[in-house]
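Subject: The structure I promised you

Hi,

Here is the structure we talked about. Have a look at it first, then read my notes below.

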Amino acid sequence: MKALSWLACLKSLRVLLIVVGIIAFIAPMTAEAVRTMPPSQPPSQGGVPPGQPFQNLQNQINALKTLINDNLIGNHHIELTFDLDPGASFSFPLPKKQSPVRIEVTVSRMNGGTQTPTEIMYAVVNQDPVSNEMTWIGTNSDGSVVATNTLDSTDDVIAVICGGACPTYDDRLLVNDLSDSTVKIESNAATVSVKSSYVVHLWF
């Protein structure tokens, strides 16, 4: 019996030594794997998987967006916002000569009402670089259209926002000064009694 017990102990000791040897062999490999594992990265925004290739792709997309905004839109669009008291005016230059400039104007009295028939007037205006005269096709707030120029026009009115019904007007877009290529928006003190807020878009 003692011989059998001793034999069993030897077998158990051999198994234990084998297990210890396996652990001693695997442990350094596991530690090295953990040490060289790249740090975890937070999920990227916008649904783009993390990783260098995807980061490069996102950078290219962002650069393309910037190019579009700066060159295709930013360099060809201007937005102006301003307020006018009754009878006051605001002038601004055309951004280019010998180029069709689209001028879009909307106005609000900020009093809860809505101007009728609409609160919008717009025009396409060009200034000739040689004669320095301006020509335009202007659309009034009632949809009526006027096409003329500074040679033929008697009042240099490009477009108007009607005061209920044209020809009575509340606001108008006019030629201001040919020498500095400016046009202006004017509020009519005879029909407007409150401050007006304007948003103007120039496309060119």
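Two strands pair if DSSP finds at least two bridges between them. With that in hand, β4 and β5 make a hairpin with 6 residues between them, and Asn-132 in its turn has a positive phi of about 70°.

Some housekeeping. This is a predicted model, where local features need pLDDT of at least 70 and side-chain atom pairs count only at pLDDT 80 or more, while totals for chains, interfaces and linings use all residues. Residues are numbered from 1 along each chain as its sequence is written, and side-chain values use heavy atoms, with hydrogens and water left out.

Now the overall picture. The protein has 2 helices and 10 strands, and along the sequence they follow the pattern α-α-β-β-β-β-β-β-β-β-β-β. Of its 204 residues, 28% are buried (under 20% relative accessible area; exposed is over 50%, partly exposed in between, with a 1.4 Å probe and protein chains only).

Strand β4 (residues 120-127) and strand β5 (residues 134-139) run antiparallel, joined by 6 bridges, and Tyr-122 stands opposite Thr-139 in β5. β5 also runs antiparallel to strand β6 (residues 145-149), with 5 bridges between them; here Trp-136 stands opposite Thr-148 in β6. β5 and β6 form a hairpin too, with 5 residues between them, and Gly-143 in that turn has a positive phi of about 90°.

Next, the aromatic rings. A ring pair is described by the distance of the centres and the angle of the planes. Rings of Phe, Tyr and Trp (its six-membered ring) pair if their centres lie within 6.5 Å; planes under 30 degrees apart are stacked, over 60 edge-to-face, and the rest tilted. How many aromatic pairs does a search of the whole structure find? It finds 3. One of them is Phe-82 with Phe-90, stacked at 4.0 Å centre to centre with 15° between the planes. Phe-82 also pairs with Tyr-198: their centres are 5.3 Å apart and their planes at 20°, so this pair is stacked as well. Phe-82 lies in strand β1 (residues 77-84) and Tyr-198 in strand β10 (residues 196-203), so the pair ties together parts that are 116 residues apart in sequence. Both Phe-82 and Tyr-198 are buried, whereas Phe-90 is partly exposed at 28% relative accessibility. Ring pairs link Phe-82, Phe-90, Phe-92 and Tyr-198 into a cluster.

Ser-187 sits in strand β9 (residues 182-187) and counts as buried because its relative accessible area is 2%. Leaving out residues up to four places away in sequence, its contacts (heavy atoms within 4.5 Å) include Leu-84, Asp-170, Val-192 and Tyr-198.

Last, the surface. Leu-64, Leu-67, Ile-68, Ile-73 and Trp-203 form a nonpolar patch there, with about 430 Å² of accessible area together (Shrake-Rupley method, 1.4 Å probe; for residues, only the protein chains shown count as cover). Patches are made of residues with over 30% relative accessible area and no salt bridge, nonpolar side chains (Val, Leu, Ile, Met, Phe, Trp, Tyr) being joined within 5 Å and like charges within 9 Å; a salt bridge is a side-chain nitrogen of Lys or Arg within 4 Å of a carboxyl oxygen of Asp or Glu. Helix α2 (residues 52-73) gives the largest share of the patch, 4 residues, while Trp-203 lies in strand β10.

Cheers
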